[in-house]
Amino acid sequence: MVNSVSLCFHNKLILAPMVWVGTLPMRLLALDHGADIVQCEELIDLKMLQCKRVVNEVLRTVDFVAPDDRVVFRTCEREQSRVVFQMGTSDAERALAVARLVENDVAGIDVNMGCPKEYSTKGGMGAALLSDPDKIEKILSTLVKGTRKPVTCKIRILPSLEDTLNLVKRIERTGIAAITVHGRKREERPQHPVSCEVIKAIAETLSIPVIANGGSHEHIQQHLDIEKFRQATAASSVMVARAAMWNPSIFLKEGLRPLEEVMQKYIRYAVQYDNHYTNTKYCLCQMLREQLESPQGRLLHAAQSSQEICDAFGLSAFYEETTQELDARRAELLAKTPEEVGEPAEDTSGVIKMAVKFDRRAYTPQITPKMCLLEWCRREKLAQPVYETVQRPLDRLFCSIVTVAEQKYQSTLWDKSKKLAEQTAAIVCLRSQGLPEGRLGEESSALYKRKREAPDQDPGGPRTQEPALPGELCKKPFVTLESGEKRTLEGW
């Protein structure tokens, strides 16, 4: 392959790769506010190699989906020519495999050789690579020769200037398009001063563009400071991390926009691109910072869904409109598909049915219908409830049937997840028996006294699930594989 370098790294403002921050909504927000290039958060090669590339026709995105149905990386046409994919890797062949997986959907490939955190350095990735120049050379040379997109890397400085210059000269010889230098040593943290003079020495030594990084807070508080930092380091471009996380409008020549305006625009992107609410909430908390104890900050802290986040910021109508638009788009795509929408494969004769939904907000915290049903079965010395859940192929909605004492119960309404479907089935059973289901205002003293959860019982519901990874799907979208074939992914 010929490495066709089309992305220019001279005189650019770049959003740094930041874990939990560099997801699609934040990248688009940075582009809106003047960033020239944006980088995604570091994504590990082993995780990416498990992913399937999926065209999400509802969101109009390209998703890389892991076997557990989590979206590891999501991108869209708007950023395709300006997004750089940053990977964590310690193996040249794995790195190349990942690059080839994503190269048609991104503008460049970056290798993380600077992150000092354990999640990056374990397995020899991130800053751990700085002590193995041979491996650095092999990884970068393999990528430059094997992918069609420009290759860059991000490093930290070494204990001595001589060692640092020797390393960057060796890196330059691999043929990479640019190098980002975070002006701190591996063991140093943001409270330590950034070494502008070392970055400057590197920039004066190399012929490829050098991107200066590490100036947030100490040097960069407003847009004008970005150019001052660039001049102090003699760098070709500047990469901004924390200052952009606090307010992405730092890239605007006209100056910072009001934080409320920026946050509202971020939330709109988060809803439009189905960003998981835990990731949205995290990024908003980074923007609010010292305002987290404000009335709005407390509402954000209490939010347990994208809808509740929108409510906290006065965007309830926008949430409803966008949700309806996405549902309509999904329905339109389903209507174009000739296959019939199937019902559960199980024999449903004799099944008690009700049209019910499980709304977490209507229930006592940490008490769910499944927990109530399990507790009742134990008191009555009945066998544990058995849930059988199926998924409708075309829209990937779920329906569950619960069997208790040889009687089956089912909601006639389909749900977005297996856990929600199981909760609604439990509600049907409990209501049929006239039993408490954990709703606000009800009292189930046995459950409150026990204060425990069966080790084999997963109560489900948004408040009791483990925090999702950044980019995880909330709504399972209608998808098309690269071949053009429309079908359900494994486990969806």
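View 1. Ring pairs link F64, F73 and F85 into a cluster; rings of Phe, Tyr and Trp (its six-membered ring) pair if their centres lie within 6.5 Å, with planes under 30 degrees apart counted as stacked, over 60 as edge-to-face and the rest as tilted. The structure holds 5 aromatic pairs. In the pair Y269 and Y273, the ring centres are 6.4 Å apart and the planes meet at 35°, so this pair is tilted. Y269 is buried at 13% relative accessible area, and Y273 is buried at 16% (buried is under 20%, exposed over 50%, partly exposed in between; 1.4 Å probe, protein chains only).

A quick note on what you are viewing: this is a predicted model, where local features need pLDDT of at least 70 and side-chain atom pairs count only at pLDDT 80 or more, while totals for chains, interfaces and linings use all residues. Residues are numbered from 1 along each chain as its sequence is written, and side-chain values use heavy atoms, leaving out hydrogens and water.

**View 2. Charges over rings.** The charged end of R268 sits over the ring of F318, 4.6 Å from its centre (NZ of Lys or CZ of Arg within 6 Å of the ring centre and within 35 degrees of the ring normal). Likewise, K370 places its charged end over the ring of Y387, 4.9 Å from the centre.

**View 3. The surroundings of N213.** N213 is buried, with a relative accessible area of 3%. Its side chain reaches the backbone oxygen of M239 at 3.1 Å. A16 lies 197 residues away along the chain, yet the two C-alpha atoms are separated by 8.2 Å.

Key:
A polar contact is a pair of N or O atoms within 3.5 Å; within protein, one must be able to donate a hydrogen and the other to accept it, and residues adjacent in sequence count only if both atoms are side-chain atoms.
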